[in-house]
Amino acid sequence: MANLLKSSTIVSFWTMMSRFLGLARDIVLANILGAEGRADIFLLAQKIPNFLRRLFAEGAFATAFVPVFSEYHEKRSKEETLMLLSKVSGTLGGFLFLITLIGVILPQLLMGIFGAGFYHSDPDKFFRASELLRITFPYIFFISLVAMYSSVMNTLGKFAIPAFAPVLLNLSIIGMAIFVAPHLPEANVALAWGIFIAGVLQLLLFLPFLWKDGYLPRPRWGWKDSAVRRIMKLMLPVIVGASVTQINLVIDSQIASFLEEGSISWLYYSDRMLEFPLGIFGIAIATVLLPTLSKYFAKDDMQHFSGTLDWGLRMVLMIGIPAAIGLLWLAEPIMITVFQHGAFDAHDSFRAGQSLQAYSLGLIAFMTVKVFLTGFYSRQDPKTPVKIGLIAVVSNIILNLALFKPFGHVGLAAATSISAFINAILLYRYLHKEQHLQISKSTAVWILKLVVATGLLLAGLWYFDFSIEQWQAWSRVEAIAMIIGTISATVVSYGTILILMGIRPRDFKIHR
């Protein structure tokens, strides 16, 4: 438990740093681009490689590679482990190069898949976005290799460098926005090159550390190797199972491209605020759980396996429940405080705040899905999440079609949240049925205490609530001070309430 908590803290710290820099990046983007057509163009051009990164690199590949690599690391010699890494890196690199080449040569094809509405409403907008995609698409090559090396270092118990790497993406985009964009006719072009440069820097970051640890073998083509084929076989179903949320978000973007101008941007900025608690805590916990659960499964230690998964659920709920309520209540004030400046106006704050409220309703589901999926992929069982994931994807499509006309972009966000709950509930039911996740009595009491504490917080937020007119009237400095003060007071109050309700350090231990 101590190692898991320490590792989670390291990942959470660097992820938090990355999220704060990401927030600074998005503030710069909102100030330069606002939520107009040019913002939609850039955000879609950068979303496509990021979607593929999460789908293939961080989603399918990482969850298929970690259990196999952990098995080799635990049971095989270092020579055999290095040979596996050599063949996986060579094979993955070859496929990535081919995919990148296709994306650079035929960006219109990909843009047609992700943003067909641009072509129908404004062909010039479509082709401008396609040209930006030529620059941003190679990011998938670099970041997929980064994901592989991150998996290696996480398995070795070294979480700091993989958690730090995203910081470079934010610094690169901010640097290009401040120092290069003002000197170009189109700021979008500078921002796109910032993404490309970030991919190179992130990959270079890992090389000296891997070399020092002796885990940087020469890449070899190994398509016929049994272990490589095993990983590839695991990847195919994981693409759906591990990336349901990402698929749903892309479906949102596709439909949003047919809605009023600014819809893609409003969804983007609200999703970015949701990424704060999800990335800092949900993904951080899942990151350290996967290699740990994989080791327990390799040792056939199912008691520790179930106890560790139960611990992960407690940790994400401790943050997820109050964070969801906070985002729901403070959605528009957060948008006003963080983004309303320059080209991003009061109307954009209102519209983005609406979709943030809809997304916040699904935050708990998004976070628990991350934890539940590790219970499947650590056991090398990708088929079950695929079946469940398909149900969630189909549900999201049906809900999108039902809600987008009456509710616009807010309906798309609500559909994503509802489908996330469907996914989480079905994943939990299967894990519980197979006795891979048995919620302990102490966890049930823990959850009840969290709900009571969050209810008291909600009462406090309601009592001290300020009108939107007041938030708009405050200066930027006053609004920032108020939002920081509100969040700080909420965190302190929440912690105090939990202590008064009897939660102690022993409650953070894994119950087996």
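The legends below describe close-up views of one predicted model.

**Notes for all views.** Residues are numbered from 1 along each chain as its sequence is written, and side-chain values use heavy atoms, with hydrogens and water left out. Because this is a predicted model, local features need pLDDT of at least 70 and side-chain atom pairs count only at pLDDT 80 or more, while totals for chains, interfaces and linings use all residues.

**View 1. The whole chain.** The protein chain has 22 helices and zero strands; these are DSSP runs numbered from the N terminus (helices: H or I, at least four residues; strands: E, at least two). Of its 512 residues, 58% count as buried. Buried means under 20% relative accessible area, exposed over 50%, and partly exposed in between, with a 1.4 Å probe and protein chains only. Among contacts in the chain with a separation of 6 or more, 85% join residues 24 or more positions apart; a contact means heavy atoms within 4.5 Å.

**View 2. The largest nonpolar core.** This core has 141 residues, and those with the most contacts inside it are Phe65, Met148, Phe206, Ile231 and Phe339. A nonpolar core is a set of buried Ala, Val, Leu, Ile, Met, Phe, Trp, Tyr and Cys residues joined through side-chain atoms within 4.5 Å. Helix α2 (residues 37-75) gives the most to this core, with 16 residues. Leaving aside neighbours within four places in sequence, Phe339 is in contact with Leu23, Asp26, Ile27, Ala30, Tyr269, Met273, Ile334 and Phe344.

**View 3. Helix α15 against helix α22.** Helix α15 (residues 331-339) packs with helix α22 (residues 476-500) at an angle of about 130°, and their axes are 9 Å apart. Axes are lines fitted to C-alpha atoms, for helices over the stretch in contact, and angles run from 0 to 180 degrees between N-to-C directions. The two helices are therefore oblique to each other; angles under 35 degrees count as roughly parallel, over 145 as roughly antiparallel, 65 to 115 as roughly perpendicular and the rest as oblique. Ile334, Ile336, Thr337 and Val338 in α15 meet Arg476, Ala479, Ile480 and Ile483 in α22. These contact residues divide into six nonpolar, one polar and one charged. Here Ala, Val, Leu, Ile, Met, Phe, Trp, Tyr, Cys and Pro count as nonpolar, Asp, Glu, Lys and Arg as charged, and the others, Gly among them, as polar.

**View 4. Helix α15 against helix α16.** The axes of α15 and helix α16 (residues 346-360) come within 8 Å and cross at roughly 135°, which makes α15 oblique to α16. Ala331, Glu332, Met335 and Ile336 of α15 make the contact with Ser349, Phe350, Ala352, Gly353, Leu356 and Gln357 of α16. By class, this contact has six nonpolar, three polar and one charged residues.

**View 5. Threonine 443 in helix α20.** Threonine 443 lies in helix α20 (residues 441-463) and is buried, with a relative accessible area of 0%. Not counting residues up to four places away in sequence, Threonine 443 touches Asp310 and Arg314. Threonine 443 and aspartate 310 are 133 residues apart in sequence and 7.6 Å apart in space, C-alpha to C-alpha.

**View 6. Glycine 194 in helix α10.** Glycine 194 has its place in helix α10 (residues 187-213), and glycine 194 is buried, with a relative accessible area of 0%. Apart from residues up to four places away in sequence, glycine 194 touches Ser172, Ile173 and Met176.
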